[in-house]
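Q: Hi, could you walk me through this structure? I'd like to go over it together.

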Amino acid sequence: MAEYTKGDSIGSATLTLTRADLVRYAGASGDFNPIHWSESTARQVDLPGVIAHGMLTMGAAVQLVTDWCGDPGAILDYQTRFTAMVPVDEAEGAELTVSGKVGAVNDDAGTVRVDLTVTDPRHGDAKILTKAQAVVRA
């Protein structure tokens, strides 16, 4: 097993989501809830506007771990808590910052836990996901 130390950075990335991404995700997932594509519907239910699908956000964030380990099949577990919505502006889209650190190393199991931080810099660096953790076969 490679040498990993708690606190080691696995890198960072900026994710951009557009309304077109939301439409494509809706088609792929079957989640056609109009809060993800209709500005008027989203505002009628007191949202700040169209918001990204939570699972799209979660899936996009774990790409950092996939890029780091080089094998999506090495990710044994991934979980998170959703803590903030991701408004997707019609013209500018949305931008998220994702960073990851080694949170724990289990030599006996041959795994590394990666802790992700996902924030929205356009909305005061709101934490979008908390306790976002992926367990990776090292």
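Predicted model: local features only at pLDDT ≥ 70, side-chain atom pairs only at ≥ 80, totals over all residues.

Q: Good to know. What's the phi of Lys131?
A: Lys131 has a positive phi of about 50°, although it is not a glycine. For background, most residues other than glycine have a negative phi.

Q: And is Lys131 buried or exposed?
A: Lys131 is exposed, because its relative accessible area is 54% and the cut-off for exposed is over 50%.

Q: What about Asp46, what's its phi?
A: The phi of Asp46 is near 65°, again a positive value in a residue other than glycine. Asp46 sits in the loop that runs between helix H2 (39-44) and helix H3 (54-61).

Q: Buried or exposed there?
A: Asp46 is exposed, with 71% relative accessible area.

Q: Let's zoom out. How many helices and strands are in the chain?
A: The chain has four helices and five strands. Reading from the N terminus, their order is β-α-α-α-α-β-β-β-β.

Q: What does the C-alpha trace span along its principal axes?
A: The span is about 55 × 30 × 20 Å.

Q: How much of the chain is buried?
A: Of the 138 residues in the chain, 37% are buried. The accessible surface comes to about 7,500 Å², and carbon and sulfur atoms contribute 49% of that.

Q: What share of the contacts is between residues 24 or more positions apart?
A: Among contacts with a separation of 6 or more, 66% are between residues 24 or more positions apart.

Q: Switching to charges: how many positive and negative side chains are there?
A: There are 11 positive and 18 negative side chains, and the centres of the two sets are 4 Å apart.

Q: How many salt bridges does that give us?
A: The count is six salt bridges. One of them joins the side chains of Arg19 and Glu39, at 2.6 Å from N to O. That pair links distant parts of the chain, with Arg19 in helix H1 and Glu39 in helix H2, 20 residues apart.

Q: Is Arg19 buried or exposed?
A: Arg19 is buried, because its relative accessible area is 17% and buried means under 20%.

Q: Which residue does Asp21 form a salt bridge with?
A: Asp21 pairs with Arg24, and their closest N and O atoms are 2.7 Å apart. These two are three residues apart in helix H1, so about one helical turn separates them. Arg24 counts as exposed, at 55% relative accessibility.

Q: Okay, and what does Arg137 pair with?
A: The side chain of Arg137 meets that of Asp71 in a salt bridge, with 3.9 Å from N to O. This pair also links distant parts of the chain: Asp71 is in the loop between helix H4 (63-69) and strand E2 (75-82), Arg137 is in strand E5, and they are 66 residues apart.

Q: How accessible are Asp71 and Arg137?
A: Asp71 is partly exposed, with a relative accessible area of 34%. Arg137 is partly exposed too, at 42%.

Q: New topic: which residues make the nonpolar surface patch of about 360 Å²?
A: That patch is made by Val23, Phe32 and Trp37.

Q: Where does Val23 lie, and is it buried or exposed?
A: Val23 lies in helix H1, residues 19-29. At 51% relative accessibility, Val23 counts as exposed.

Q: Last one, where is Pro121?
A: Pro121 is in the loop between strand E4 (111-120) and E5, and it is partly exposed at 33% relative accessibility.

Q: What does Pro121 contact, leaving aside neighbours within four places in sequence?
A: Pro121 is in contact with Glu95, Leu96 and Thr97.

Q: And how far apart are Pro121 and Val135?
A: Pro121 and Val135 are 14 residues apart in sequence, and 26 Å apart in space from C-alpha to C-alpha.

How values were computed
Residues numbered from 1 in each chain as written. Heavy atoms only, no water. Buried < 20%, exposed > 50% of the residue type's maximum accessible area, 1.4 Å probe, protein only. Patch = residues over 30% accessible without salt bridge, like charges linked within 9 Å, V, L, I, M, F, W, Y side chains within 5 Å. Areas by Shrake-Rupley, 256 points an atom, 1.4 Å probe, with all protein chains shown as cover. Salt bridge = Lys/Arg side-chain N within 4 Å of Asp/Glu carboxyl O. Contact = heavy atoms within 4.5 Å. Lys, Arg positive; Asp, Glu negative; His and termini not counted. Charge placed at Lys NZ, Arg CZ, Asp CG, Glu CD.
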